[in-house]
Amino acid sequence: MKCIVVGGGLSGMASAVWLAEAGHEVLLLERRAALGGRTIAIPQKAINDVPDNGQHVFASGYENLFRYLDSVGTRQHVKFPGHMTARMPGGKTRRAGFWGLEGLRAMVGDLPGVSGLDKLRTARAQTRLFREALKQPADLDQITAEQWFDRCGLPHSARRAMWDGIVIGLTGDKTDISSAKVPADLLVTGIRKGIKMRTPVSIGFPTVDLDTLFVHSAERFFQDHGVTVRTRAPVKSVDIDNGKVQGVTLLDDEVLAADAVICAVPVWQVKDLLVQMPEYHKIEKAVEALTPVPIVSVNLYLDRDIGMKDWGEILYDGEGILEQVWDRQRMHGRDPKDNWFFSTTVSASYELIKKSNAEIVTIQMDMLRRYYPKARDANVVHSHIVRMPNSTFAQRPGTAGVRPEQKTSVQGLAIAGDWTNTEWTTTMEGACQSAARAVEALLTS
Ligand SMILES: Cc1cc2nc3c(=O)[nH]c(=O)nc-3n(C[C@H](O)[C@H](O)[C@H](O)COP(=O)(O)OP(=O)(O)OC[C@H]3O[C@@H](n4cnc5c(N)ncnc54)[C@H](O)[C@@H]3O)c2cc1C
């Protein structure tokens with residue numbers, strides 16, 4: 001088949017790789033000047049370093065993402081240390097493990113800041129949360145995660161210590177916005193993957209920048225397998241006639257014919273592309289329902305070490321948003337020479353994103369000084385702020401079932417992207433699983 005893939009993010013690159021592996025002729029079209037979508041490095045000449053657009057962490061259940069890394073030859077660059085650290089203001093830390101003693105402590109309600117009777121209440125509420133995730137009450141998509149927590153009797157201290165962070169980490173959005181069904185479904189996915197892999201899902205990280213991991217490796221693959229890549233090639237429409245895909249039209253009206261098309265663009269850019277689809281109302285509904293969530297990532301190059309204990313630390317008692325700090329020396333084996341690189345990620349950063357760069361650096365440095373005694377006298381050598389208003393998407397109550405399937409009613413057309421229906425939410429794995437399903441839909445039709 002002559003195939004066109006629209007969109008050069010993870011879902012598009014994975015689709016192109018797997019179609020080429022299946023022996024098809026592939027043309028990959030990307031609107032921007034480079035591939036990578038939301039997973040890219042942004043080189044900083046001033047400091048001679050290559051930070052990413054934002055820290056991307058992996059879960060051990062990311063099967064399709066690992067398949068992609070196997071295909072492009074970079075799986076060796078992902079590491080799973082099996083733990084992270086929670087840090088309190090003032091500098092006290094505690095290992096946040098996913099199994100063993102730390103996992104057990106969390107299960108029985110022994111969490112930082114949770115004391116006395118609240119431990120018992122937490123243990124009881126957590127049992128109910130897991131039970132309701134596995135056997136979901138009918139109204140779970142009608143309430144927010146916050147309402148679900150209250151209903152299960154989860155104390156506020158346990159929410160602040162762990163559960164609000166879990167919801168933001170899993171769903172990308174705050175507990176008072178996310179539908180309770182989203183974290184519930186993800187807990188089930190985690191449990192299922194854990195059983196399949198005979199070990200609880202754990203968190204890992206790339207030991208190289210995202211371009212090396214995802215993009216340059218794919219470009220090498222494309223060269224070796226005859227995949228044509230066109231960047232600065234925005235697609236205006238996917239063309240359909242008589243229930244069959246014909247190809248695509250670019251913004252400059254160039255028409256490209258194809259036997260098969262995978263449309264792998266984000267939910268906030270898909271609207272005009274698929275208007276010719278008979279079930280276009282489903283796309284419109286998803287576009288309305290899945291609203292973008294911002295992430296602000298701050299790359300801070302400091303004149304000294306701040307004394308992190310782990311590769312990644314979750315700051316306990318933040319401002320109701322998930323704040324994480326990453327030690328790029330540990331993660332990338334980076335030699336600090338004359339500057340230490342720490343990056344912070346602020347998820348669901350609806351307020352922070354509106355501030356100026358100088359304000360953001362001040363806020364983040366104040367935060368580091370509150371949590372890391374060694375950061376008190378640290379100076380910023382170089383800073384780099386990445387504001388991404390469209391980072392992930394929110395799934396509010398009432399949106400269950402709104403994410404469309406990859407297979408469409410149109411012969412030769414499939415859709416991919418983290419927003420289409422997968423076992424995951426807005427993640428790299430969601431993007432790759434959608435690509436696997438889109439390719440499968442085309443190959444079997
Ligand atoms: C800061 C940040 C941190 C994140 N952290 C994590 C994490 O820790 N773990 C995790 O699993 N996930 C994380 N994610 C989410 C993850 O990056 C995304 O879910 C995933 O990369 C989405 O891939 P995609 O291919 O669906 O979309 P995208 O990467 O957005 O790719 C879509 C591509 O389509 C192109 N395009 C759009 N319109 C057109 C058009 N008309 N014609 C041609 N091309 C077009 C775009 O330019 C883009 O390149 C994070 C995201 C961000 C932004």
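Predicted model: local features only at pLDDT ≥ 70, side-chain atom pairs only at ≥ 80, totals over all residues.
## Ligand site

The ligand is surrounded by 35 residues. The closest are Ser11, Glu30, Val57, Tyr62 and Asp418. By class, this shell holds 16 nonpolar, 14 polar and five charged residues. Three elements, α1 (10-21), β17 (380-394) and α12 (428-444), each supply at least two residues of the shell.

For Glu30, a polar side-chain atom lies 2.6 Å from a ligand oxygen. For Ser11, the distance between a side-chain N or O atom and a ligand oxygen is 2.7 Å. For Tyr62, the corresponding distance is 2.8 Å. On its own, the ligand has 1000 Å² of accessible area, and the protein covers 95% of that.

Asp253 is not a glycine, yet its phi is positive, at about 75°. Asp253 sits in the loop between β10 (244-250) and β11 (255-257). Its relative accessible area is 49%, so Asp253 counts as partly exposed.

Ala348 is also not a glycine and has a positive phi, of about 50°. This residue lies in the loop between β16 (340-347) and α11 (357-371). Is Ala348 buried or exposed? Ala348 is buried, because its relative accessibility is 2%, under the 20% cut-off.

## Surface patch

Leu104, Met107 and Val108 form a nonpolar patch on the surface. Together they have about 300 Å² of accessible area. Val108 belongs to the loop between α3 (100-107) and α4 (117-134).

Note on methods. Residues numbered from 1 in each chain as written. Heavy atoms only, no water. Patch = residues over 30% accessible without salt bridge, like charges linked within 9 Å, V, L, I, M, F, W, Y side chains within 5 Å. Areas by Shrake-Rupley, 256 points an atom, 1.4 Å probe, with all protein chains shown as cover. Salt bridge = Lys/Arg side-chain N within 4 Å of Asp/Glu carboxyl O. Helix = DSSP H or I, 4+ residues; strand = E, 2+ residues; numbered from the N terminus. Buried < 20%, exposed > 50% of the residue type's maximum accessible area, 1.4 Å probe, protein only. Near = heavy atom within 4 Å. Polar contact = N/O pair within 3.5 Å; in protein donor to acceptor, adjacent residues only side chain to side chain. Nonpolar A, V, L, I, M, F, W, Y, C, P; charged D, E, K, R; others polar.
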